[in-house]
Amino acid sequence: IRLIEGALGNGNKVPAESELEMIRVVRKSLTAATYIPAGTTISEEMISIVRPGQGLPASYLPELIGRKLKVELQAGQQFNLDMLA
């Protein structure tokens with residue numbers, strides 16, 4: 001019975017040590033598809049989703065659409081929330 005209790009775990013799903021490096025490689029982030037000047041309202045065509053992802057996660061895409069940029073972005077530069085007005 002104790003062996004089965006141990007196999008069931010505690011209910012918290014966390015990545016195994018061997019999975020941590022792969023998480024960094026397969027994660028996607030949002031980047032500027034083209035040059036975007038400061039003050040521009042962001043549209044979906046201006047955003048690309050790329051790997052590996054060290055910037056704003058791709059799940060934030062709806063948060064970006066329709067927002068204005070405080071700073072200019074070069075093509076390929078990653079978005080972050082501090083850049084948005």
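Is Val25 buried, partly exposed or exposed? In this predicted model, Val25 has a relative accessible area of 41% and is therefore partly exposed, since that class lies between the cut-offs of 20% and 50%. Val25 belongs to helix H2, which covers residues 20-26. Together with Met22 and Val26, Val25 makes a nonpolar surface patch of about 250 Å².

The other end of the accessibility scale can be followed from strand E1. This strand spans residues 29-32 and includes Ser29. Ser29 has 0% relative accessibility, so it counts as buried; the cut-off for that class is under 20%. Apart from neighbours within four places in sequence, the contacts of Ser29 are Ser48, Ile49, Val50, Pro52, Gly53, Gln54, Gly55, Leu56, Pro57, Ala58 and Gln78.

E1 is paired with strand E2, residues 47-50, through four bridges, and the two strands run antiparallel.

In soluble globular proteins, nonpolar side chains tend to be buried together. Leu64 shows how parts of the chain that are separated in sequence meet: leaving aside neighbours within four places, Leu64 is in contact with Leu30, Ile42, Ile47, Leu56, Phe79 and Leu84.

How many salt bridges are counted in the model? The count is one. The salt bridge joins the side chains of Arg2 and Glu5, with an N to O distance of 2.8 Å. Both residues sit in helix H1, residues 2-8, and the three-residue spacing between Arg2 and Glu5 is about one turn of the helix. The two partners fall into separate accessibility classes. Arg2 is at 63% relative accessibility and so counts as exposed, because the cut-off for that class is over 50%. Glu5, with a relative accessible area of 44%, is partly exposed.

Methods
Residues numbered from 1 in each chain as written. Predicted model: local features only at pLDDT ≥ 70, side-chain atom pairs only at ≥ 80, totals over all residues. Heavy atoms only, no water. Buried < 20%, exposed > 50% of the residue type's maximum accessible area, 1.4 Å probe, protein only. Contact = heavy atoms within 4.5 Å. Pairing = 2+ DSSP bridges. Patch = residues over 30% accessible without salt bridge, like charges linked within 9 Å, V, L, I, M, F, W, Y side chains within 5 Å. Areas by Shrake-Rupley, 256 points an atom, 1.4 Å probe, with all protein chains shown as cover. Salt bridge = Lys/Arg side-chain N within 4 Å of Asp/Glu carboxyl O.
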